[in-house]
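Please read the points below alongside the sequence and the coordinates.

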Amino acid sequence: MQSTDMTQEYAHSLFDYKDGCLYWKVQKAPHVKIGAKVGSPAHGYESVYVDGRNWRIHRLVFLMHFGYLPSTIDHINGIRNDNHIENLRAVDSCQNAQNSKLRSTSKSGIKGVSWNTNRQKWCVRINANKKLRQWYVKDLEFAELIAIEARDNFHGKFANHGHPTLARPTEEQLA
């Protein structure tokens, strides 16, 4: 098999899936043990080297379950190493961005809310349908409420209010 090829059948011949993890079925290298858990962390994502190419585990799990590889796969709960199939979904780049967490550089501590020095007000910004929407308010708590409601209205099931949930995704999130 060429280094860029990975099919559902080939993935199933290499790995067993159990509880969000992959386990080796074959010995692809001297250091690989059959039955050993697959993956090593890389930038928060688990990955594995197969036939000259590095693969992210969540992409292999998705391929094994659905038979194709979308360009982008989202971790619903925002936890990059949670590769349970229930936590993975095919998305476009906009949907993936909508489900992003709070940036570490946030000064307000609220996703999508920043201080506007010129207006001396809090600015709430949200992108939806390739259009930037923004509101200016004096009160930070009110700005947070506006941001949450706007994300819920415009982003729907992809709305992420900035804090990763430690729980498994709900049925509503998966729908």
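1. Two strands are taken to pair if DSSP finds at least two bridges between them. Helices (H or I, at least four residues) and strands (E, at least two) are DSSP runs, numbered from the N terminus. On that basis, 3 strands form an open sheet in the order 3-4-5, with antiparallel pairing. Strand 3 and strand 5 are the edges; each has a single partner strand, so one side of each lacks a neighbour in the sheet. Ignoring direction, neighbouring strands of this sheet are turned by 50° against each other on average.

2. On provenance: this is a predicted model, in which local features need pLDDT of at least 70 and side-chain atom pairs count only at pLDDT 80 or more, while totals for chains, interfaces and linings use all residues. Residues are numbered from 1 along each chain as its sequence is written, and side-chain values use heavy atoms, with hydrogens and water left out.

3. Strand 3 and strand 4 run antiparallel and are joined by 3 bridges. S40 has S47 of strand 4 as its bridge partner. S47 is classed as buried because its relative accessibility is 6% (buried means under 20% relative accessible area, exposed over 50%, partly exposed in between, with a 1.4 Å probe and protein chains only). Leaving aside residues up to four places away in sequence, S47 touches G39, S40, A42, N54, W55, R56 and I57, where contact means heavy atoms within 4.5 Å.

4. Helix 2 (residues 57–66) lies across strand 4 and strand 5, and runs at about 75° to strand 5. Axes here are lines fitted to C-alpha atoms, for helices over the stretch in contact, and angles run from 0 to 180 degrees between N-to-C directions.

5. Strand 1 (residues 15–18) and strand 2 (residues 21–24) run antiparallel, with 4 bridges between them. F15 is bridged to W24 in strand 2. The two strands form a hairpin with 2 residues between them, and D19 in the turn has a positive phi of about 55°.

6. How many salt bridges does the rule give? The count is 4, a salt bridge being a side-chain nitrogen of Lys or Arg within 4 Å of a carboxyl oxygen of Asp or Glu. One of them joins the side chains of K25 and D16, at 3.7 Å from N to O. K25 is partly exposed at 36% relative accessibility, and D16 is partly exposed at 38%.

7. Another salt bridge is formed by K28 and D51, whose closest N and O atoms are 2.7 Å apart. This pair links distant parts of the chain, 23 residues apart: K28 is in the loop between strand 2 and strand 3 (40–42), and D51 in the loop between strand 4 (45–50) and strand 5 (53–56). K28 is partly exposed, at 36%, and D51 is partly exposed, at 26%.

8. R89 and D74 also form a salt bridge, with 2.9 Å between the closest N and O atoms. R89 lies in strand 7 (residues 88–91) and D74 in strand 6 (residues 72–75), 15 residues apart. Are these two residues buried or exposed? Both R89 and D74 are buried.

9. There are 0 disulfides in the structure, a disulfide being a pair of cysteine sulfur atoms within 2.5 Å. For C94, the nearest cysteine sulfur is that of C123, 20 Å away. C94 is partly exposed, with 40% relative accessibility, whereas C21 is buried, at 17%.
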